[in-house]
Amino acid sequence: IVLFAALGGERPTLRALVALGVALAGVGLIVGVDVPAGISLVGTLALTGAAVSWALYTVLGRRLARDTPLLTTLFWSLLIGGAAALPLAAPAWPSLDQMRHYSPTLWLEILYLSVIAMALAFFLWNYGFAHLPSDVGAVFGLFQPLVGVALAVTLLGERLTPLAAVGAAGILAGAALAGLGGGKREPVATK
């Protein structure tokens, strides 16, 4: 929201700020506030850099949506991002011989990560931000921990703690409050 206000010229509404606060409190309850001893400074800096990069991507992607077709922006983002990651990935790249021994399950997992978790997720994220006010979209971005908990409970059989349940309710309440809107605001016009 801060980056949208600074770079995108959008001012958040009071309702959206309250909704964001409620949803963030919900996220805090889900993920907890314990800081394990010996936490990695490098890991913390890497995740902070990732969060800032993702926020910038979202702001700039919304701005690009005004002038560029969404699929064009997505194509170039993934192509250039993949090329930029190549030097970092190259030292760990498997040989062709190793890849020949990959199981069909592993190839399906790679395909899922490439098509669903990357391309489709990026498309849906950019589409959503192009059609919602940024402050409302930011609240919906907090659904990630909620979905993670739901999948952990459903697929892994993990137990939903009462605190996590209250946190989930907070995220849903924040999203509902943000979705109510205060009045009609125009989304970004996209091509």
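My entries on confidence and ring pairs follow.

**Ground rules.** This is a predicted model, where local features need pLDDT of at least 70, side-chain atom pairs count only at pLDDT 80 or more, and totals for chains, interfaces and linings use all residues. Residues are numbered from 1 along each chain as its sequence is written, and side-chain values use heavy atoms, with hydrogens and water left out.

**Confidence.** I looked up pLDDT (the predictor's confidence in each residue, from 0 to 100). The protein chain averages 81, and 86% of its residues score at least 70. I then went through the elements; helices are DSSP runs of H or I, at least four residues, numbered from the N terminus.

**Ring pairs.** Rings of Phe, Tyr and Trp (its six-membered ring) pair if their centres lie within 6.5 Å; planes under 30 degrees apart are stacked, over 60 edge-to-face, the rest tilted. I got seven aromatic pairs. Trp-54 and Trp-125 have ring centres 5.4 Å apart and planes at 50 degrees, so I logged them as tilted. This pair joins helix H3 (residues 41-64) to helix H6 (residues 104-131), 71 residues apart.

**Second pair.** Tyr-57 and Phe-122 also have centres 5.4 Å apart, but with planes at 70 degrees, so they are edge-to-face. Ring pairs link Trp-54, Tyr-57, Phe-122 and Trp-125 into a cluster.

Technical notes: Helix = DSSP H or I, 4+ residues; strand = E, 2+ residues; numbered from the N terminus.
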